[in-house]
Amino acid sequence: MSNDTPKLTDQEVLRYTREGLQKHLPLQAEGYVCRTDDLLNVLLGVAADRTTIESVCTDLVGAPDPETIRHYLKEQLRVEDLPDLEQGLNAALGEEIPQRVWRRACDVAIDFHDRPYYGQTPQTEGLWVRSRAKDGTTRFYRIATAYVMLNGLRVTLAIRFVLPGDDTVTVLDYLLTRVKTLGIQVGRLLLDKGFNGIAVMDYLTRCGQPALVACTIRGRTGGTRALCRGNKSYRTSYTFKGKHNRQFTANLAVCRVFTTAKRTKRMKRRAGWLIFILIHLDLSPRQACRLYRRRFGIETSYRCAGRTRGWTTSNNPAYRFVLIALAFILLNVWVHLRWLFTQVPRLGRRRLDTKRFELTRFAKFIIRALQQLYGCVHVIVAPAVPRP
């Protein structure tokens with residue numbers, strides 16, 4: 001590479017990330033010890049190091065006291081401001097979306113993501129939702145995200161904090177509206193079994209939105225399980241029945257699939273079934289399977305977000321939502337910077353040298369920049385001479 005190519009330093013990564021966050025996150029601090037930049041720096045340190053406010057502030061010599069940081073966050077991140085906070089965080093996500101996403105219609109996946117909650121705050125105050133037992137609890141903070149997949153480009157477009165009273169159609173409508181407000185064309189929508197309901201199917205049909213929805217296999221001998229017979233995949237129609245005599249007839253792709261025993265060698269190879277609901281789509285069972293396989297990119301985004309998500313025991317749902325949303329914002333910033341600084345010239349389309357700027361290095365750049373800015377603890381002094 002020539003010497004005049006741009007360079008990316010850890011200080012520039014911290015500055016770029018902080019300035020982008022400052023535009024949309026309503027946090028202010030004008031004290032003698034703690035300023036707005038300090039407040040945002042600590043938040044970024046919490047996310048990048050996957051730790052707590054206490055840990056970041058005690059490790060950085062010149063950082064404000066952790067109690068001071070918590071006071072500012074508790075004062076400014078209030079439950080009643082969740083709608084405005086959600087709007088600002090969505091704006092921060094949208095600012096890092098690459099231009100290529102606007103060029104043509106994209107496949108978009110929408111999914112729910114739960115974070116366990118072990119506190120005793122009542123649901124009306126804590127805004128947690130109940131779900132199946134997992135990780136030792138049935139209480140969770142739930143978010144929903146819209147995620148685009150375009151030629152290997154994977155970016156989170158929108159995020160929604162799911163309230164206890166929200167139904168699936170409300171969440172789906174909010175995310176689709178947000179994506180369309182950005183000017184992004186939604187080609188096909190990929191939804192998992194959590195969206196398998198008559199209300200969702202009716203909503204998508206009325207909106208004219210093409211969608212592929214995974215269908216839950218129910219019943220022992222009847223229901224959708226009765227469709228899982230034979231030796232081949234096929235297309236059919238099925239009438240779903242719900243409460244109050246509500247019905248919906250949909251086109252289904254019933255797919256006969258096999259385990260990957262040949263690759264994993266864990267068990268004997270056996271056949272299984274997958275059922276997909278086709279909304280305004282004309283796909284063969286094989287095409288439906290291949291298309292739905294792309295949806296698992298959103299699961300990858302959740303795993304990556306776990307590497308840039310801070311920890312807390314706070315019972316403030318607004319602060320918990322900020323930590324979760326901040327993880328996805330950092331992912332978008334990382335994707336944007338990686339595109340700018342890892343391009344390798346060649347004939348035709350440029351490729352990315354992804355090893356040059358992996359997610360782990362991005363997080364370490366932020367941590368190192370904070371250590372250079374504030375200084376870090378290199379030595380501790382014993383309070384007394386140790387006894388022999």
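In this predicted model, E86 is found in helix α5, which covers residues 82-95; helices here are DSSP runs of H or I with at least four residues, strands are runs of E with at least two, and both are numbered from the N terminus. E86 is buried, with a relative accessible area of 7%, where buried means under 20% relative accessible area, exposed means over 50%, and partly exposed lies in between, as computed with a 1.4 Å probe on protein chains only. When residues up to four places away in sequence are not counted, E86 touches I159, R160, F161, Y174 and F321, a contact being defined as heavy atoms within 4.5 Å.

The model is predicted, so that local features need pLDDT of at least 70 and side-chain atom pairs count only at pLDDT 80 or more, while totals for chains, interfaces and linings use all residues. Residues are numbered from 1 along each chain as its sequence is written, and side-chain values use heavy atoms, with hydrogens and water left out.

The protein has 13 helices and 11 strands, and its C-alpha trace spans about 75 × 60 × 55 Å along the principal axes. Of its 388 residues, 47% count as buried. Among the contacts in the protein with a separation of 6 or more, 63% are accounted for by residues 24 or more positions apart. T5 is found in the segment before α1 and is partly exposed, with a relative accessible area of 26%.

The largest nonpolar core contains 127 residues, of which I110, L172, L189, L204 and F362 touch the most other members; such a core is a set of buried Ala, Val, Leu, Ile, Met, Phe, Trp, Tyr and Cys residues joined through side-chain atoms within 4.5 Å. Helix α12 (residues 317-341) provides the largest share of this core, with 17 residues. Around L172, and leaving aside residues up to four places away in sequence, the residues touched are I110, L189, L191, F195, V200, Y203 and L204.

Helix α4, residues 66-76, has P66, I69, Y72, L73 and Q76 as its buried residues. Seen down the axis of α4, these buried residues fall within an arc of 125 degrees, so they line one face of the helix, the arc being that of the directions from the helix axis to the C-beta atoms. The buried residues of α4 pack against α2 (36-48), α3 (53-59) and α12.

Grid points are joined across faces, edges and corners, and a volume is the space filled by probe spheres set on the points.

The largest pocket has a volume of about 910 Å³. Of the 33 residues that line this pocket, D111, F112, D114, R132 and D192 are the closest to its centre. Two or more lining residues come from each of β1 (106-116), β2 (129-134), β3 (137-150), α7 (168-181), β6 (211-215), β9 (271-279) and α11 (297-305), and β2 gives the largest share, five residues. By class, the lining of the largest pocket divides into 16 nonpolar, four polar and 13 charged residues, with Ala, Val, Leu, Ile, Met, Phe, Trp, Tyr, Cys and Pro counted as nonpolar, Asp, Glu, Lys and Arg as charged, and the others, Gly among them, as polar.

The count of cavities of 30 Å³ or more comes to one. The largest cavity holds about 40 Å³ of space and is lined by T17, G20, L21, A92, E95, E96, I329 and V333. The elements that each give two or more residues to this lining are α1 (10-22), α5 and α12, with the largest share, three residues, coming from α1. Four nonpolar, two polar and two charged residues make up the lining of the largest cavity.

Backbone geometry was also examined. Most residues other than glycine have a negative phi. D135, in the loop between β2 and β3, has a positive phi of about 55 degrees although it is not a glycine. H244 likewise has a positive phi of about 55 degrees without being a glycine; H244 is found in the loop between β7 (234-241) and β8 (247-258) and is exposed, with a relative accessible area of 80%.

Definitions and conventions. 1 Å grid on protein atoms, 1.4 Å probe; cavity = no way out; pocket = protein on both sides within 12 Å on 5 of 7 lines; lining within 4 Å.
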